Amino acid sequence: MSALLQTSDLTCVKDDRVLFENLNLSLSEGQILLVEGKNGSGKTSLLRILTGLNLPESGEVLWQGQPISEVGPEYYEQVNYVGHHDGIKRDLTCLENLRLVQAMGKPMPIDLDDALDKVNLYRFGDNFVATLSAGQKRRLALARLVVTEAKLWIMDEPFTSLDKASMAMFQEMFEKHLANGGVIVMTSHHDIEMKNSDVVRLNLSE
């Protein structure tokens, strides 16, 4: 099976310190990469390079064999990024946040109330984000996964502030995405058991 996402001799330097170098990865449809390592080992930096938000010191990120710098907007439409911070607007309602996410990406044909229902926020559509709990904000941030079309999901500690039930709910969502031919790259301090998925692990501390 041909690779969707690859890195070629990727090197990252931050504050004159090499976080990782000559990193070569290859991920195909249905695979999830779990990026592990100590704090400061470069996990978040790697994720941001894969999204195109940061540039590597050297090397390339490739999508379907082409550098993402050449693929451009076609690549970014295929990326759903949920960072360590929720990335949602506190002065907007839940529904307004999802409309904004759709306007910035490739919208899925889904009713936004149904999208909120999928993350157990159905009753909170007209609530301002500032009034939500930390767990509710995280579920809203992850709702972007179901309102835009993207083959590649990149997530930095997606389970932060979530209870066990919510973690199980999103883990099931992740497995469904992989079963449909998607690719996931994520970091997590939580134990991840995805027995039905093709899990690849990368430890940046080794």
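1. Phe174 is buried, with a relative accessible area of 0%. The model in which this residue sits is a predicted one. Beyond its neighbours within four places in sequence, Phe174 is in contact with Leu145, Trp153, Met155, Pro158, Phe159, Ile184, Met186 and Met194.

2. Phe174 also belongs to the largest nonpolar core, which has 37 residues. Together with Leu140, Met155, Phe170 and Met186, Phe174 is among the residues that touch the most other members of this core. At least two core residues come from each of strand S3 (31–36), helix H4 (94–104), helix H5 (112–118), helix H6 (134–142), helix H7 (144–147), strand S7 (152–156), helix H8 (164–179) and strand S8 (183–187). Helix H8 supplies the largest share of the core, 6 residues. Another core, of 28 residues, lies apart from it; Phe20, Leu50, Val61 and Leu204 are among its members.

3. The structure holds 4 aromatic pairs. In one of these, Tyr75 and Tyr76 are arranged edge-to-face, with 5.6 Å centre to centre and 65° between the planes. Is Tyr75 buried or exposed? Tyr75 counts as buried because its relative accessibility is 0%, under the 20% limit. Tyr76, by contrast, is partly exposed, since its relative accessible area is 40%.

4. Ser28 is placed in the loop between strand S2 (17–27) and S3. With a relative accessible area of 10%, Ser28 is buried. A polar atom of the Ser28 side chain lies 3.4 Å from the backbone oxygen of Ser2.

5. Ser45 has its place in helix H1, which covers residues 43–51. Ser45 is buried because its relative accessible area, 13%, falls under 20%. Residues up to four places away in sequence not counted, Ser45 touches Cys12, Lys14 and Leu19. The C-alpha atoms of Ser45 and Val13 are separated by 9.3 Å, and these two residues are 32 residues apart along the chain.

6. On the overall fold, the secondary structure comes to 8 helices and 9 strands. For 206 residues, a compact globule would have a radius of gyration near 17 Å; the protein has 17 Å, and so agrees with that expectation. The C-alpha trace spans about 50 × 35 × 30 Å along its principal axes.

7. Of the 206 residues, 50% count as buried. The protein exposes about 10,800 Å², of which carbon and sulfur atoms supply 45%. Among contacts with a separation of 6 or more, residues 24 or more positions apart account for 69%.

Technical notes. Residues are numbered from 1 along each chain as its sequence is written. This is a predicted model: local features need pLDDT of at least 70, side-chain atom pairs count only at pLDDT 80 or more; totals for chains, interfaces and linings use all residues. Side-chain values use heavy atoms; hydrogens and water are left out. A nonpolar core is a set of buried Ala, Val, Leu, Ile, Met, Phe, Trp, Tyr and Cys residues joined through side-chain atoms within 4.5 Å. Buried means under 20% relative accessible area, exposed over 50%, partly exposed in between (1.4 Å probe, protein chains only). Helices (H or I, at least four residues) and strands (E, at least two) are DSSP runs, numbered from the N terminus. Contact means heavy atoms within 4.5 Å. Rings of Phe, Tyr and Trp (its six-membered ring) pair if their centres lie within 6.5 Å; planes under 30 degrees apart count as stacked, over 60 as edge-to-face and the rest as tilted. A polar contact is a pair of N or O atoms within 3.5 Å; within protein, one must be able to donate a hydrogen and the other to accept it, and residues adjacent in sequence count only if both atoms are side-chain atoms. The radius of gyration is taken over C-alpha atoms; the globule rule is 2.2 Å times the number of residues to the power 0.38. Accessible areas come from the Shrake-Rupley method with a 1.4 Å probe; for residues, only the protein chains shown count as cover.
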